[in-house]
Structures are given as C-alpha cells and as structure tokens.
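Colleague: I would like to learn how to read cavities, nonpolar cores and ring pairs from coordinates. Could you take me through them one by one?

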Amino acid sequence: MTRIRFIDSVRRLVPQAWPVLVGQLAVMMFSTVDTLMMGRVGPQDLAGLAVGSAAYVSIFVGLMGIVLAVGPIAGRQFGAGDLPGSGRSFVQAQWLALLLCVPGSLALWFPDPFIWLAQLDAAQADKVRAYTRPEAFALPAGLLFAAFRGFSTAVSRPKAVMAMQLTGLAAKVPLNAVLVFGWGPIPAMGVAGCGWATAIAMTAQLLAAQVMLRRDAFYQPFLIPHLWQTRPRWADLWGLVRLGLPMGGSILVEVTGFTFMAFFIARLGATPVAGHQIAVNLVAMMFMIALALATAAGTLVAQHLGAAQTREARIVGRHAMTLAALVAAGVGAVVAWAREPIVALYTSSPEAAAAALPLLVWVWFFHLGDALQTVAAYVLRAYQVATLPMVIYVVALWGLGIGGGYVLAFGNTAAGAVGFWQAATAGLLMAALLLGLLLRRVFDENR
C-alpha cells in the first residue's frame, strides 16, 4: 500500500485551490470596490451599503448553497467515470437556480424585513432599497453562474471558473466608477450605482461562461445540452434539494452569523457600522484562502469516494485540515500585526478607522476558527453529511455568536461592536471543534 505523505496531498490540493482563491478574491473585490467607493462618498452611503449588502449576501448565499449541491454529486459521478451523468446533474442544477431566483429576487425588491431589523430611519432605508433592487436583477445570473462554478470545480476545472470571475471583475470596476460618481451625461447614483454595476457585470460573467461551455473541448464529453432543450427532472431536482437544503442552510447560518452583526451594529450608529464594514470586508478576503482550500479538499475527497478509494479520501481530508490550520495561523498573525496600515487603505476618516481597529484585535483566532470549520464542512459535504453540520452551525454561530454578541453589545457590559466580534470568534472556534470531531467519526465509519 503506497504511503501518502502530507507534501503529496499539498501538491494535489494547491493546483485545485489557487484558481479558486484567485476567482473568489475577484468576487470579493466586488464588495471591496463598493466599500472603497462608498467610503469616499460618505458614512451614510457606506452604512446603507453595509445593510444592503448584508441583505443581498444573506439571500444569495443561502440559495447558492442549495445550487452548489451539484458539486459533491457531480464530483462523485466524475470520479466514477460517469461524465454524461455529471453533465445531467449540471443541467438540473441550472433549473434549480432558475426556480430559486423567483423568491430570492422578490425578497431583494422588498427588503423591508432587513430594514426593520436594522432599525433604519427613512433616509437610510431608501439607500438600502436603492442598492437591493438592482441586485434583484443580479440574482438570476449569480445563481446560474453558481451552478457552473459548482460543476466545473467538481470536475477539476477551477481555472475556467476563475477566468469567468475575473471577467466579471473587469466589467465591475469601470462600471462602478461611472455609475457611482457619474460621468458626462450619466448622473452620480451613489450606492444605487454599486447595485446596477453588479447586475451588469454578473450578467456579462454568466454569458461568458455559457460561451465557454460551448467552445471549450473539455466540456464536450459531458454532453451538456442548451437549457431550453431540456426540462426539469423532478427526481434529480429532489436529489439536489435533499443535499442542498442542509448545505444551503449551513451556509446561510454561517453567513447570517456575520450579516446579522451588521444589522444590530447599525443600531449603534453610522460610525460603528462603517468600522464593522471595513473589518468584515478584510476578514472576508482572508476567508477566501480557507474557502479555496476547502473547495479543493471537497473536490478531491468526492472524486476519491466516487472511485471507491476510501483510504485516499480520508488521508486527503486530514491533510487538508492540517494545511488549513498552518495557513490560517500565519495569515492571521500577519494581518493582526499590520492592522493599522491595512485599515488606512480602507478609509481616510479617523472616526471610521478608530471604530475598525479594535475589531481586528480578534482577527487571529477568528480566522483560525473560520478556516478549520470551513474545511471540515466541505469534506463532510463530500461524504454527503450536511444535516448535523447545519445543527452545529445554528448552535455555535447563531446561539453563541449572535446571541452572545447581542448580550455583550447591548447588555450590562455595553461592549458595542467589539462584543459581537468576541462572541463571533468564540462561536467559530466552537463550530471548528464540533465539526472536527464529527469529521473524525465519519472517517472512522468509512474505513
């Protein structure tokens, strides 16, 4: 039996992970560009962006998580050599994306529950609507592209996804500048310009992906027809939903564990929520490293399981957890040490910088817990274990993270935004521990 060394797993994980990292950083730059430009417009627009983007992310990632169930399913089919089966799963994931965008777009067009949760005044509520209503048009393109992303990554084609995500970013930056600040006959739209720029850029990204599917010879053996030449297959859709609902629920809980922080911190005023927006954007960029590694680990483990290579799947999963811990500890240390010059890149406002810096004190442990729980969750999804992780997320991230943060921020301690970050860090470390123990049990059961 060939011994699989840690360095052997690293050499397999890195080629799968780095295109995902580059692509996800491009996606994150959408939010970063918005944050940087709104920071120049003013704290009120930045606060409107914080709540509006939190609403969009809460809706999008929950639905995206359901669509991404195509990844573990298509990955196993690919590992077993069933390429047409992988293609059929992708087609059904596209149908699922279209069905899900109906309630999602309606929720973005009427974001009143999020506005109520943040307790915004009428002027700030208008800014939130100005951002979320264009995003209602971005959502269908985003969910259809999520199906392409999940399928392509599952069949070891992450560079194709990366190329399309970079295409979207290339369209987003100039569109943002023109629509936010105005140019010639185009009036300055402020926060609404961010929303419309995202909608146009994501549509361009989806169209580029469709062209690649037809012209890249790699995709030909999968026998993928045009979507309008097919129809929903309810048995296949149910298979996606059965795995995707707990996956989407887990991702939704994970993300809303942070987006709800923005809603509650908004009650403290525009300056605290502006500082929070800077901190959460930075931490989200760091998270992309962990997400890339988690995606690579989930892909390789699913392919090994499809090929009935249970030993290899177990070893790759363990090595991915070790690599995640090493990388997260290093990245967290660098960011914590250099937090002052980093925050200065985001804002020239002394008040916003002063609000952000105390939050980044917690970034080291926050990121370590975030990285470990993410890799563990993706490897568990490759084993199609998703329901119990969702329960763990609810307890750790909503119960300890949001519940504990609310008590610290608004209770007797009145810790403010820092209290939310303290509790969120504790919640992530708890989730990492519990998911790690669950993963160990799954490994033992699949020897």
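Colleague: Which helices each supply at least two residues of the lining of the largest cavity?

Modeller: Helices are DSSP runs (H or I, at least four residues), numbered from the N terminus. Here helix H1 (6-41), helix H2 (43-67), H6, helix H8 (191-215), helix H9 (234-265), H10 and H14 each give at least two residues to that lining. This is a predicted model, in which local features need pLDDT of at least 70 and side-chain atom pairs count only at pLDDT 80 or more, while totals for chains, interfaces and linings use all residues. Residues are numbered from 1 along each chain as its sequence is written, and side-chain values use heavy atoms, with hydrogens and water left out.

Colleague: Which residues have the most contacts inside the largest nonpolar core?

Modeller: In soluble globular proteins, nonpolar side chains tend to be buried together. A nonpolar core is a set of buried Ala, Val, Leu, Ile, Met, Phe, Trp, Tyr and Cys residues joined through side-chain atoms within 4.5 Å, where buried means under 20% relative accessible area with a 1.4 Å probe, protein chains only. The largest one has 163 residues, and Leu13, Leu143 and Phe148 have the most contacts inside it. Helix H10 (residues 270-306) gives the most to this core, with 21 residues.

Colleague: How many aromatic pairs are there?

Modeller: A pair of aromatic rings is described by the distance of the centres and the angle of the planes. Rings of Phe, Tyr and Trp (its six-membered ring) pair if their centres lie within 6.5 Å, with planes under 30 degrees apart counted as stacked, over 60 as edge-to-face and the rest as tilted. The count comes to 17 aromatic pairs. Phe90 and Phe151 are stacked, at 4.8 Å centre to centre and 15° between the planes. Phe90 lies in helix H4 (residues 83-109) and Phe151 in helix H6 (residues 122-154), so this pair ties together parts that are 61 residues apart in sequence. Phe90 is buried at 0%, and Phe151 is buried at 0% relative accessibility.

Key. Buried < 20%, exposed > 50% of the residue type's maximum accessible area, 1.4 Å probe, protein only.
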